[in-house]
Amino acid sequence: MDCLCDLVQGLVALAALALIVVLVVAHVTASTIDLRRHEKEKSFVTASSGEKEPFPSLHDPQSRELSVVIPAYNEEQRMPVMLDEAMEYLESRQKQHPSFTYEVIVVDDGSTDKTTEVALKYSKQYGADKLRVLTLVKNRGKGGAVRMGTLSSRGKVILMADADGATKFADIEKVEAGLHNIDPKPENMAISCGSRAHMEQEAIAQRSMFRTFLMYGFHFLVWFFCVRGIKDTQCGFKLFTRKAALKTFSSLHVERWAFDVELLYIAQCFRIPIAEVAVNWTEIEGSKLVPVWSWLQMGRDLVFIRLRYITGAWKLESPQKTD
């Protein structure tokens, strides 16, 4: 019996030591929010004249009904299909409702292919007032690209949409309805998230047991450490009111795959209401997500997100202007 008690005490002490080590590592390795821009990232090219104009700021008053922010890394092959669908929908909507105004911001996240050149062709076709290209000097990660695009937007509401076109763009009407149905909206802040949760059983049937285990493990970590009440945090189709975008993106630290989780964690800390809306989704070949390894990275980030806020390494920030 004494040996068993000693063993239990030893395991408890070891677990406590491990927790302390993890807390220290999480705190020491925490990065700060970097909203600085390279000079080349402060302006966009007007495709017709080739002149440069400064990007506006999310701090400025809104001047468009909708902004669409599309993060793109080496997407010269997949992006045209998505942009064709998005621009056709937006142009049709504007013809039906002339008061509807929009802009699309393609954020080239330090691509090594011709992503910027492809996007600039659309800017030339539709005009830089409707489609602008923000080319980042170096790769920041999807979260970093979405944040830089969002902070440069003019919309009353701001949609984050993936460049692969996995979600049908017309489903924006579903997330708009979800946003509209949130009542009340304190300080005009609300978020509507597209969700693939209704497709989970079908996806499980097509996955290996190991990948299904990783998926459930990820969901558990999201629920345990960060976000409650949202079944699908990772769908890249989210709609923000302008004030909700300013509030959440100003505090965002994670710039890679787990950024969605921190974004929603921040929203829940600020008590910003969130709707989750089922959308159509199709898996598109060419995903940048590396199976298993990317899941493990996201799992690590989920643990560190909560621990860094607990230790005070990260704090919820007041909105700041970018340099």
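Here is a short walk through this structure, which is a predicted model.

Let's start with helix α5, which spans residues 172–181. Its buried residues are Ile172, Val175, Glu176, Gly178 and Leu179. They sit on the same side of α5, because the arc they cover around the axis is only 160°. Behind this is a simple bit of helix geometry: with 3.6 residues a turn, residues three or four places apart point the same way. Turn to the other side of α5 and you find His180 and Asn181, both exposed. So what does the buried side pack against? The partners are the strands β3 (64–72), β6 (155–161), β7 (191–195), β8 (237–241) and β9 (274–278), plus helix α2 (79–96).

Next, look at a pair of helices, α8 (residues 242–249) and α9 (residues 259–269). Their axes are 9 Å apart and meet at an angle of about 110°, so the two helices count as roughly perpendicular to each other. On the α8 side, Lys247, Thr248 and Phe249 make the contact, and they meet Leu263, Ile266 and Ala267 of α9. Sort these contact residues by type and you get four nonpolar, one polar and one charged.

Now for the largest nonpolar core, with its 46 residues. Val227 and Ile305 touch the most other members. Several elements give two or more residues to this core, including β4 (102–108), α4 (142–150), α7 (209–226) and α10 (293–311). The most comes from α9, with seven residues. Leaving aside neighbours within four places in sequence, Val227 is in contact with Val222, Thr233, Val261, Leu264, Tyr265 and Gln268. Apart from this core lies another, of 36 residues, and Ile70, Met87, Val175 and Ala190 are among them.

Definitions and conventions. Residues numbered from 1 in each chain as written. Predicted model: local features only at pLDDT ≥ 70, side-chain atom pairs only at ≥ 80, totals over all residues. Heavy atoms only, no water. Buried < 20%, exposed > 50% of the residue type's maximum accessible area, 1.4 Å probe, protein only. Helix = DSSP H or I, 4+ residues; strand = E, 2+ residues; numbered from the N terminus. Arc of directions from axis to C-beta. Contact = heavy atoms within 4.5 Å. Axes fitted to C-alpha atoms, helices over the stretch in contact; angles between N-to-C directions. Parallel < 35°, antiparallel > 145°, perpendicular 65-115°, else oblique. Nonpolar A, V, L, I, M, F, W, Y, C, P; charged D, E, K, R; others polar. Core = buried A, V, L, I, M, F, W, Y, C linked by side-chain atoms within 4.5 Å.
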